[in-house]
Amino acid sequence: MSQKGTAMNPQLRLLMELQDLRAQERELASDGDTALGEQEAKHFHIDIAQARSQLRDKIGELEEELSPSVRARYDRVAPVRDRVVVPVIRGVCYGCFVSIPTATVGDREMREDIQSCENCGSFIYILS
């Protein structure tokens, strides 16, 4: 995945994978509590509890791969936000819809480093 010719930071890629796995785990948790979820589990021959356990294990493995500084911020943001990584489009954070400083959006070096929104704490990536 690239943004205008630059490679995505590996830690940011890990954060995005974690976000996807966490969303799947939440979805399984809510599906397991409904009759429709039980029907899907029977139809697809899956054990929802086992699938959730496997997702939690994988989430734990990926969390261990985060650098200490990224992990510290992730541990603060993840419990309170479903989406820990959000895009910045036209200078606006799509986690809280507040404008991001122009220097953050325009500086190429800053675009390659892991950045976070000063307002909501979400990790951000610049789309333009």
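Me: Leaving aside its neighbours within four places in sequence, which residues is Cys117 in contact with?
Reply: Cys117 is in contact with Cys93, Cys96, Ile100, Ser122 and Ile124, where contact means heavy atoms within 4.5 Å. This is a predicted model: local features need a pLDDT of at least 70, side-chain atom pairs count only at pLDDT 80 or more, and totals for chains, interfaces and linings use all residues. Residues are numbered from 1 along each chain as its sequence is written, and side-chain values use heavy atoms, with hydrogens and water left out.

Me: Why is Cys117 called buried?
Reply: Its relative accessible area is 4%. Buried means under 20% relative accessible area, exposed over 50%, and partly exposed in between (1.4 Å probe, protein chains only), so at 4% Cys117 counts as buried. Cys117 sits in the loop between E5 and E6. Its C-alpha atom is 9.3 Å from that of Ser99, a residue 18 positions away along the chain.

Me: What makes Glu25 a buried residue?
Reply: Its relative accessibility is 12%, so Glu25 falls under the 20% limit. Glu25 belongs to helix H1 (residues 10-31); helices (H or I, at least four residues) and strands (E, at least two) are DSSP runs, numbered from the N terminus. Apart from neighbours within four places in sequence, Glu25 is in contact with Arg52, Leu55, Arg56 and Ile59.

Me: With which side chain does that of Glu25 make a polar contact?
Reply: The partner is the side chain of Arg56, at 3.1 Å. A polar contact is a pair of N or O atoms within 3.5 Å; within protein, one must be able to donate a hydrogen and the other to accept it, and residues adjacent in sequence count only if both atoms are side-chain atoms. The Glu25-Arg56 pair, at 3.1 Å, is within that limit.

Me: How do you know on which side of H4 the buried residues lie?
Reply: The buried residues of helix H4 (residues 68-77) are Val70, Tyr74 and Val77. They cover an arc of only 70 degrees around the axis, which places them on the same side of H4; the arc is that of the directions from the helix axis to the C-beta atoms. Pro68, Ser69 and Arg76 are exposed on the other side of H4. An α-helix has 3.6 residues a turn, so residues three or four places apart point the same way.

Me: What does the largest nonpolar core consist of?
Reply: It has 21 residues, and those with the most contacts inside it are Leu12, Leu15, Leu66, Tyr74, Val85 and Phe123. A nonpolar core is a set of buried Ala, Val, Leu, Ile, Met, Phe, Trp, Tyr and Cys residues joined through side-chain atoms within 4.5 Å. Two or more residues each come from H1, helix H3 (48-64), H4 and E6, and H1 gives the largest share, seven residues. A second, separate core has eight residues, including Val86, Cys93, Ile100 and Cys117. Beyond its neighbours within four places in sequence, Leu15 is in contact with Leu66, Val70, Tyr74, Val84, Val85, Ile114 and Phe123.

Me: Why is strand E3 described as largely enclosed?
Reply: Four of its five residues (85-89) are buried, so the rest of the structure largely encloses E3.

Me: How many bridges join E3 to E6?
Reply: There are four, and these strands run parallel. Two strands pair if DSSP finds at least two bridges between them, so E3 and E6 count as paired. Val88 stands opposite Ile126 in E6. Two bridges join E3 to E4, and that pair is antiparallel; Ile89 has Val92 in E4 as its bridge partner. E3 and E4 form a hairpin with two residues between them, and Arg90 in the turn has a positive phi of about 50 degrees.

Me: What makes E4 and E5 edge strands?
Reply: E4 (92-93) and E5 (115-116) each pair on one side only. The open sheet has four strands in the order E4-E3-E6-E5, with mixed pairing. E5 is joined to E6 (residues 123-126) by two bridges, antiparallel, with Ser116 opposite Phe123 and Gln115 partnered with Ile124. These two strands form a hairpin with six residues between them, and Gly121 in the turn has a positive phi of about 85 degrees.

Me: Which way do the residues of E6 point?
Reply: Phe123 and Tyr125 point one way, Ile124 and Ile126 the other, and all are buried. In a regular strand the side chains alternate between the two faces of the sheet.
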